[in-house]
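Visitor: I have a model open and would like to talk it through. Could you take me around it?

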Amino acid sequence: MPRLPWGPLRRCPTCGASYTSEARLCEADGATLVDGTSPAASTRPPAAGARCPLCGEGIVESDGFCSSCGRRALSSRPTPPLVPVGSPLAGGVVVASPGGDEYVVHAAGGATMRVVLGEASVIEREADLLERIGGTGPFPGVSECGVDDVHGSYLAMAAPPSDARPLSEVGAGLTLATAIGVLRALVEAAQVIEKIGFAWEPQRDDVHVRPDGSIKISRLRVPRKLGHGERLDARAVVEAVGPTFVPTPALEGPSRAFRLLLPHVFIPGDAGNSISDVRREIAAVELDLAPPTDDGLRVAGVCDPGLRRPHNEDALAFATGTTDAERWSVLVVCDGVSSSSHADRASATASKTACDVLAQSARAGTVSSLEAGKTAVAQAIRAAHLAVCAQPVEVTGEDPPGTTIVVGLVWRQRLIVGWVGDSRAYWISEETAEQLTHDHSWAVEAVTRGEVSESEAAMSPLSHALTRCLGPLEIADPDVPVEAGSRRRFAEVEPSIRARDLPGPGWVVLCSDGFWNYFSKAADVATLVRIGAGAASPARVARRLVNHALARGGQDNVTALVYLHP
């Protein structure tokens, strides 16, 4: 519908559409139109050329509408005057004001109501929707829709029970199981709204939680009418309140809970946005709510795609065993180079190859001496490098596959670490917190050479540029032509190797930069590891480390592999 010039016209109070002065109802959503030029219902739009405050992209035109999103840039709804506590309103007396246009009123008969003031058409529309729902389930029943002599149009609804508290106040103190139950109840409520043809995104202050975990919705506001064939976006319902539960209580739950609670980039296999899709996702999180079981293993890891990447290019692998009555463990974490092709395949191939090769050496008992152990770790990394180079990948203008790697071998009271790239290893005990690796990156090497300070390196666009990685990213002799039938010779990889005695109990943590980007210092890692460490299993610690990174933003894939040393 073409927008009309500024002048005598009528506006839809909900969608902002413009009509001639003869029109009475909005063609888009059926709302009663209001006089767009009356002082009580209109606000002069910002000057032409101002940026739209709604979408942030378009320019506000002379008629007050955005050139991009097409919405009115300023609300036509006036701000109601405040009603003091103790004043008469809607046949009762105001006892509290939870919001700018909302009041808790004690009626003459002793009932408690929530009264909303506003524009007549908006009030009538919310009342109509609530009456169609009928006050069932968590929705409030309508007590009265009328006009106060002093304050204008109002909607009086049944107030939430006295023991129900706003979600914005109590959300962080709920258990994760209760929080997921709140989300499930909101999705059920959203289905009721969808059935009468509307979309809905609840506000946290409108959702009240009772001690038993059930919910009450204090008001519906005016949701958007669904278009022809359009379905309600149930994920938007969940994400509207999900941040209430981050970081707590989400931190102690499964990492997939963060993908339910927070906006994120979709990855293959993710559920869609329909009510049935989100129900299945909630059910999957509920199955994972139980704490990780202690299976007796000293090793556990979590490899999560994060919240902002469409693919998981991290990988991990581990193996444990006993040879000649000596226990050993092999730990591997890889992080595919995101700028290369098939980075996920490179990291998966490297982690499996290195783990298999090093575990075979441990089973054969050929890693018992310090030098033999160092050699075995270096050989495992070189084998992983060759395996990535041997991958049959069609490269079309992109860099060939590449990945970082960090490998740990625990034998008796000794740890040998080998690495290429910027995946890291830490040793954490009650008294010690130590980073065992140094990054093969431009930032670390530039600081070591004294070319820049640490702060300057951290701010540089090259801060995460790698100087070493596995895979065919570097050709040994790029100027030498490749003869027909022969293969290009790739550069050898030179891993860094370090050994450390493990004199007592502690934790070995291997991780990708998706974790240490948020917790770089060994002391920061130690703080997270030591939370309840006395009763924590490796699985609990790994989950906690990954969840803390997700709570900080989860911009990259996040992997943590944890070994508990006895």
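Guide: A word on terms before we look: contact means heavy atoms within 4.5 Å. This is a predicted model, in which local features need pLDDT of at least 70 and side-chain atom pairs count only at pLDDT 80 or more, while totals for chains, interfaces and linings use all residues. Residues are numbered from 1 along each chain as its sequence is written, and side-chain values use heavy atoms, with hydrogens and water left out.

Visitor: OK, what does S361 touch, leaving out residues up to four places away in sequence?

Guide: S361 is in contact with T366, V367 and A376, and S361 itself lies in helix α7 (residues 343-363); helices (H or I, at least four residues) and strands (E, at least two) are DSSP runs, numbered from the N terminus.

Visitor: Is S361 buried or exposed?

Guide: S361 has 15% relative accessibility and therefore counts as buried, where buried means under 20% relative accessible area, exposed over 50% and partly exposed in between (1.4 Å probe, protein chains only).

Visitor: Switching topic, in what order do the strands of the open sheet run?

Guide: The order is β4-β5-β6-β7-β9-β8, six strands with antiparallel pairing, and two strands pair if DSSP finds at least two bridges between them. The edge strands, β4 (88-89) and β8 (142-148), each pair on one side only.

Visitor: And why is β7 largely enclosed?

Guide: Strand β7 (residues 112-117) has 5 of its 6 residues buried, so the rest of the structure largely encloses it.

Visitor: What stands opposite M113 there?

Guide: M113 in β7 faces V105, and M113 also stands opposite A158 in β9.
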